[in-house]
Amino acid sequence: MLVPRSGVLPSPVRRTLLYRQATGHLPPLLRPRTLTEKLNWRITFDRRGLLAPTCDKLAMKEHARTLAPGLVRVPETLWSGTDVGELADVDLPGHWVLKPNHSCIRRLFGRGTADVDDLRRRTAGWVGERYWRKSEEWAYRRARPCLLVEEFIGVPGAVPADLKVLVVGGEPRLVELHTGRDDDHRARLYSPEWAPLPWTIGYRPGPDADPPERLEDLLKAATALADGFDMLRVDCYEVDGELWFGELTPYPGAGLSPLEPDLDAWLGAAWTLPPFRRTRG
């Protein structure tokens with residue numbers, strides 16, 4: 001029997017195969033219960049306009065400026081476009097970061113004047129990359145394909161601790177503290193009151209940490225930025241007492257992360273999905 005090539009399979013089928021590969025079982029599409037099952041449902045079926053800008057970095061930043069003024073600082077966008085050659089005419093600071101607007105993980109750290117030839121070589125294919133095909137995350141398909149350069153946050157050579165607040169049903173449910181992202185990635189989970197939680201979500205456990213200096217503002221900002229969403233993760237950084245906006249995440253872990261079963265069930269029970277509406281795209 002011939003198996004169709006993955007490129008000709010419909011998106012829902014490709015997503016189902018990804019989920020089965022990650023979890024060992026087919027996703028329950030009719031009555032999802034856990035967080036990861038409901039994330040898979042969102043990725044497969046949810047095409048609300050509400051979600052469309054959540055994987056567009058430039059749109060995310062505008063969202064944060066509009067809904068959380070005074071709570072978080074938004075890194076300044078120094079340039080955006082599709083041709084890094086334009087950076088030859090941009091007065092860049094001592095340290096900066098280049099990222100694609102329509103995908104994640106990829107990033108380059110730069111210093112001072114841009115080396116355009118080097119950037120062209122290192123970012124070849126980034127603008128045209130169809131990142132959404134990796135895990136079938138629809139909102140990435142709606143993001144504008146371009147690059148952006150923004151100000152560097154923190155100390156050069158070090159990535160600040162990442163604070164990720166999962167807001168479900170309008171309430172912050174947990175805070176993930178991620179450290180050592182580049183060389184020794186660890187995570188520690190806390191309640192909104194900063195009580196340690198027993199789960200690791202597939203990472204090596206990080207060290208105990210004092211609560212962020214701006215914990216109250218972090219929770220207020222996450223709640224404001226997730227307003228109107230049934231579930232959204234809001235990522236921030238705290239550097240020297242300053243709270244910085246990172247990004248919005250409608251699909252934490254692409255719905256494929258190895259969450260502990262009790263955590264997966266608890267978060268899933270708190271999440272009420274919207275009514276199903278059959279749409280295209």
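**View 1. A salt bridge joins Asp235 and Arg233.** The closest N and O atoms of Asp235 and Arg233 are 2.9 Å apart. A salt bridge here is a side-chain nitrogen of Lys or Arg within 4 Å of a carboxyl oxygen of Asp or Glu. Asp235 and Arg233 are both buried. Buried means under 20% relative accessible area, exposed over 50%, and partly exposed in between (1.4 Å probe, protein chains only). This is a predicted model: local features need pLDDT of at least 70, side-chain atom pairs count only at pLDDT 80 or more, and totals for chains, interfaces and linings use all residues. Residues are numbered from 1 along each chain as its sequence is written, and side-chain values use heavy atoms, with hydrogens and water left out.

**View 2. Thr249 touches both Arg233 and Asp235.** Thr249 also touches Leu232, with residues up to four places away in sequence not counted. Contact means heavy atoms within 4.5 Å. Thr249 sits in strand β10 (residues 242-249). Helices (H or I, at least four residues) and strands (E, at least two) are DSSP runs, numbered from the N terminus. Thr249 counts as buried because its relative accessibility is 10%.

**View 3. Helix α2 (residues 35-45) is mostly covered.** Ten of its eleven residues are buried. Among them are Leu35, Leu39, Trp41 and Ile43.

**View 4. Glu62 and Arg65 pair within helix α3 (residues 57-67).** They form a salt bridge, with the closest N and O atoms 3.4 Å apart. The two residues are three apart, about one turn of the helix. Glu62 counts as partly exposed because its relative accessibility is 44%. Arg65, at 38%, also counts as partly exposed.

**View 5. Arg120 forms a salt bridge with Asp83.** Their closest N and O atoms are 3.2 Å apart. The pair links distant parts of the chain, 37 residues apart. Arg120 is in helix α4 (residues 116-122), and Asp83 is in the loop between β1 (77-81) and β2 (96-100). Arg120 has 42% relative accessibility, so Arg120 counts as partly exposed. Asp83, at 33%, counts as partly exposed. In total, the structure holds 23 salt bridges.
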